Every structure is written in structure tokens, then in C-alpha cells.
Amino acid sequence: GKPKNAEATDWLGDAPFAGEEVLKHLETTDNGGPGKSAVMYSHFWMLRRVQRGYACFDAYARIALAVAAQQMLLVCAYYSLGHFMSK
């Protein structure tokens, strides 16, 4: 079989072009378009292939949102501390 590194390289190598493959798959008439692919659950593998190309962007967005939420809570804490100490 393939070594684990080769499998990871294949997984990452085709990720940016997954959107094009999904569009080609949806354009063909032999699969019936999106309706039949949804019934046959092939839209799950299409979504997984497209998500590979956006995994790093998704991780960055999740981390940025977590940091922003933490900072917002810190702002609220300091605001309330200042508000109650001034009274």
C-alpha cells in the first residue's frame, strides 16, 4: 500500500481543485443533477472534498472568533468593574 505521507499529500494536493470536480459532477446528466445526488447521498462526499481546501481558513476563523469572544468578555468585566467602583 501507500505510505501514510503519500496519502496525506494526495489529500492535500487535490483540495484546491475539489470545487471544479464537484461542478463537473453536478453538470453531468448521467447522475441527474443535484436532486439525484442528494437522494443518493453523494453530496456528502462532494462537501467533504470542497471542505478540504478551506480547512485552514475554517481553523483560523474559529480561533479568531474564540479570541474575540474572550476579549469581549474581558471588556464587559472591566466595564462592570469600573461602573460599580465609581458608585
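## Cysteines

Cys76 is partly exposed, with a relative accessible area of 40%. Cys56 is exposed, at 52%. Buried here means under 20% relative accessible area, exposed means over 50%, and partly exposed lies in between (1.4 Å probe, protein chains only).

The disulfide count is zero. A disulfide is taken as a pair of cysteine sulfur atoms within 2.5 Å.

## Basis of the model

This is a predicted model: local features need pLDDT of at least 70, side-chain atom pairs count only at pLDDT 80 or more, and totals for chains, interfaces and linings use all residues. Residues are numbered from 1 along each chain as its sequence is written, and side-chain values use heavy atoms, with hydrogens and water left out.

## Fold

The protein has five helices and zero strands. Along the sequence the pattern reads α-α-α-α-α. Helices (H or I, at least four residues) and strands (E, at least two) are DSSP runs, numbered from the N terminus.

## Surface

Of the 87 residues in the protein, 10% are buried. The accessible surface comes to about 7400 Å². Carbon and sulfur atoms account for 68% of that surface. Areas come from the Shrake-Rupley method with a 1.4 Å probe; for residues, only the protein chains shown count as cover.

Leu74, Tyr78, Leu81 and Met85 form a nonpolar surface patch. Together they have about 450 Å² of accessible area. Nonpolar patches join side chains of Val, Leu, Ile, Met, Phe, Trp or Tyr within 5 Å, from residues with over 30% relative accessible area and no salt bridge (a Lys or Arg side-chain nitrogen within 4 Å of an Asp or Glu carboxyl oxygen). Leu81 sits in helix α5, residues 55–85. Leu81 is partly exposed, at 44% relative accessible area.

Terms used:
Patches are made of residues with over 30% relative accessible area and no salt bridge: like charges are joined within 9 Å, nonpolar side chains (Val, Leu, Ile, Met, Phe, Trp, Tyr) within 5 Å.
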